[in-house]
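Hi everyone, thanks for making the time.

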Amino acid sequence: LDLPEALNEFEYLNRMQKVAAKNKVFNSFMGQGYYNCVVPTVIQRNILENPGWYTAYTPYQAEIAQGRLEALINFQTMVIDLTGMEIANASLLDEA
């Protein structure tokens, strides 16, 4: 590989500060709350209000809901289809 010569820690930090100084600060409103939107009735009833998507099999089982697992596999499949990658991953931990 044709790589540039390695930098020591001090040189690297100075270089990164120069790169970071080029950033522009914008207001981010992500995660600020609910945004009013029109949801088609069929989506609202069959996805958002369908308890099969967000409840466990029975009240006594500690496993995650079948619906959430199904949503994750659907998401992974969509990412694979859109990106052309062979595999994709969706985490149960990041709540993203």
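A bit of housekeeping before that. This is a predicted model, so local features need a pLDDT of at least 70 and side-chain atom pairs count only at pLDDT 80 or more, while totals for chains, interfaces and linings use all residues. Residues are numbered from 1 along each chain as its sequence is written, and side-chain values use heavy atoms, with hydrogens and water left out.

Okay, the overall picture. The chain has 3 helices and 0 strands, and from the N terminus the order is α-α-α. Helices here are DSSP runs of H or I with at least four residues, strands are runs of E with at least two, and both are numbered from the N terminus. How much of the chain is buried? Of the 96 residues, 7% are buried; that's under 20% relative accessible area, with exposed meaning over 50% and partly exposed in between, using a 1.4 Å probe and protein chains only. The chain exposes about 9,300 Å², and carbon and sulfur atoms supply 60% of that. Those areas come from the Shrake-Rupley method with a 1.4 Å probe, and for residues only the protein chains shown count as cover. On to contacts, meaning heavy atoms within 4.5 Å. Taking those in the chain with a separation of 6 or more, 8% are between residues 24 or more positions apart.

Now, α1. Asn8 sits in the segment before α1, which covers 9-21. What does Asn8 do at that end? It caps the N-terminal end of α1, with a side-chain oxygen 3.1 Å from the backbone nitrogen of Phe10. A polar atom of the Asn8 side chain also lies 2.8 Å from the backbone nitrogen of Glu11. Asn8 itself is partly exposed because its relative accessibility is 42%.

In α1 itself we find Leu13, which counts as partly exposed at 45% relative accessibility. The helix has 13 residues and reaches 18 Å from first C-alpha to last, close to the 18 Å expected at 1.5 Å a residue. That expected span is 1.5 Å times one less than the number of residues.

Let's jump to α3, residues 66-83, where Gln76 lies. Its 18 residues should span 26 Å at 1.5 Å a residue, and the end C-alpha atoms of α3 are 26 Å apart, so the two agree. Which residues of α3 are buried? They are Gly67, Leu72, Gln76 and Val79. Gln76 makes that list because its relative accessible area is 19%. Leaving aside neighbours within four places in sequence, Gln76 is in contact with Ala88, Asn89 and Ala90.

Ile73 and Ala88 are 15 residues apart along the chain, and their C-alpha atoms are separated by 9.4 Å. Finally, just after α3, Gly84 takes a positive phi of about 80°.

Technical notes. A polar contact is a pair of N or O atoms within 3.5 Å; within protein, one must be able to donate a hydrogen and the other to accept it, and residues adjacent in sequence count only if both atoms are side-chain atoms.
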